Amino acid sequence: MKQYMRHVAFFFFLTVLALRPQAGLAEELTLQGRVVDAETGQPLPYVNILVNDTVRTLTNIDGEFKLQADEEARLTFSFIGYDKRKLLPKKLPEVIKLKPYATLMQEVMVSPMTQKELIGRIIDSLKTDYQEGKQWTRKYFFRALMEENTVSFVAEAFMTAHPVVNVRSAEVTSGLLGYDKSSGKEQMNINSSNIHRLIELAPKTYATTFWKPVVKPLSALPTWEGFYKTKVETIRGEEGKDLYRITFSWRKSLLPMDYKRAHITGTAFVDAETCHLLRFDGAANNCKVRMGILSVPINIDFHLEYDYSRGVASVSNLAIHGSNDFLSYRVLLFALEGDKLDGDGTKASGPNIVTALKQAGYDESEWSKYDIIKRTRQEEERVFGNVP
């Protein structure tokens, strides 16, 4: 059967190439491939793929993508800290290589600001953005893959949420759940799962009780000075654009009780001209996850990007990976539409993602409307069972 399907797919591909579109009508193509770091060859996850200057999808955790595009479309592959690549659909290579920005030598770095002034400007900018856009909403695609021992599930949903500085008050509008059919069990024991609360994570947060106790590097200047050691570098792309790459590490000289506090460390990528925070790659340290009556440590890594389509820091995508000896999960959030001014705000989807998904129901048209992020083979199996 698999061999037959391959022949069918190959025959169809040849047929498409043989057809000539009518004059004035552009041909719709299905495009797929992989994006990698040009220097290391490693896959680049969460690369923005723009079609005619509009973000249409991201690469998945394996650097893979799939989307529909007009043969005359302009494709741009964009990842903060890397040079963009612009390609035509019919000249799209199977592997797209992006070149990272170069680090400028210390002796040629010129900045009118001290580290304290720079961090202060970033914090003030985020505070101003929140005050201006805290009532705005945005539509997102959400995916979570959770594995516990031999059992796993995947949840996918469309939701609306407040997006400025950090995501909050998410409301599911349509969703589905898929379980591992090969485990011999119908489903995981996830009736009380609050995994969707992870999307509120950011280096500075507002209006979230879930992450409030965690020390964050961009919370306030006293917090930054007291808990973090900071390194600032300038990196530059081929087009001459400069970014500040700021690394926040936890001070080892802290008192034992402070050193063990839950906290966020990581690297911020900041526009050197505007001091806008563009990207943050970080880790939530000393965190725990509750499994039944047990509370066990867990490692949490995350990647967060902002866009400024309305002039303020709005979360455009967020990816989170967490694991310990008992459990692992991946969460992905991707903005599908721009910000909307919404005076009424949104309602929280509640503490239980399973209940929220069941109440929202499944609308198949949502999945066909967008180029959602390509599922990995593992995720595809969880949604549909065994796949060829």
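Me: In which sense do strand β1 and strand β4 pair?
Reply: This is a predicted model, in which local features need pLDDT of at least 70 and side-chain atom pairs count only at pLDDT 80 or more, while totals for chains, interfaces and linings use all residues. Elements are DSSP runs numbered from the N terminus, helices being H or I of at least four residues and strands E of at least two, and two strands pair if DSSP finds at least two bridges between them. Leucine 31 has leucine 67 in β4 as its bridge partner. Over seven bridges, β1 (residues 28-37) and β4 (residues 64-70) pair in a sense that is antiparallel.

Me: Which residue in β7 is the bridge partner of arginine 34?
Reply: Residues are numbered from 1 along each chain as its sequence is written, and side-chain values use heavy atoms, with hydrogens and water left out. Strand β1 also pairs with β7, here in the parallel sense and over four bridges. Within β7, the partner of arginine 34 is valine 95.

Me: Which residue in the turn between β2 and β3 has a positive phi?
Reply: Strand β2 (residues 48-51) and strand β3 (residues 54-58) run antiparallel and are joined by four bridges, with asparagine 48 bridged to leucine 58 in β3. They form a hairpin with two residues between them, and the residue with a positive phi, of about 55°, is asparagine 52.

Me: Is leucine 98 buried or exposed?
Reply: Leucine 98 is found in strand β7 and, beyond its neighbours within four places in sequence, is in contact (heavy atoms within 4.5 Å) with residues including Val35, Leu44, Phe77 and Tyr82. The scale takes under 20% relative accessible area as buried, over 50% as exposed and the range in between as partly exposed, with a 1.4 Å probe and protein chains only. Because its relative accessibility is 0%, leucine 98 counts as buried.

Me: Where is glutamate 200, and is it buried or exposed?
Reply: Glutamate 200 sits in the loop between β11 (168-179) and α3 (221-227). Not counting residues up to four places away in sequence, glutamate 200 touches several residues, among them Asn166, Arg168, Phe210 and Trp211. Because the relative accessibility of glutamate 200 is 7%, it counts as buried.

Me: Which ring does the charged end of arginine 279 sit over?
Reply: A charge sits over a ring if NZ of Lys or CZ of Arg is within 6 Å of the ring centre and within 35 degrees of the ring normal. Arginine 310 lies over the face of tryptophan 136, 4.3 Å from the ring centre. For arginine 279, at 4.1 Å from the centre, the ring is that of phenylalanine 269.

Me: Which element has the lowest mean pLDDT?
Reply: pLDDT is the predictor's confidence in each residue, from 0 to 100, and the protein averages 84, with 82% of the residues at 70 or above. Over residues 1-24 the pLDDT stays under 50. Where pLDDT is low, the predicted coordinates should not be read in detail. Strand β7 has the highest mean, 98, whereas the lowest, 35, belongs to helix α1.
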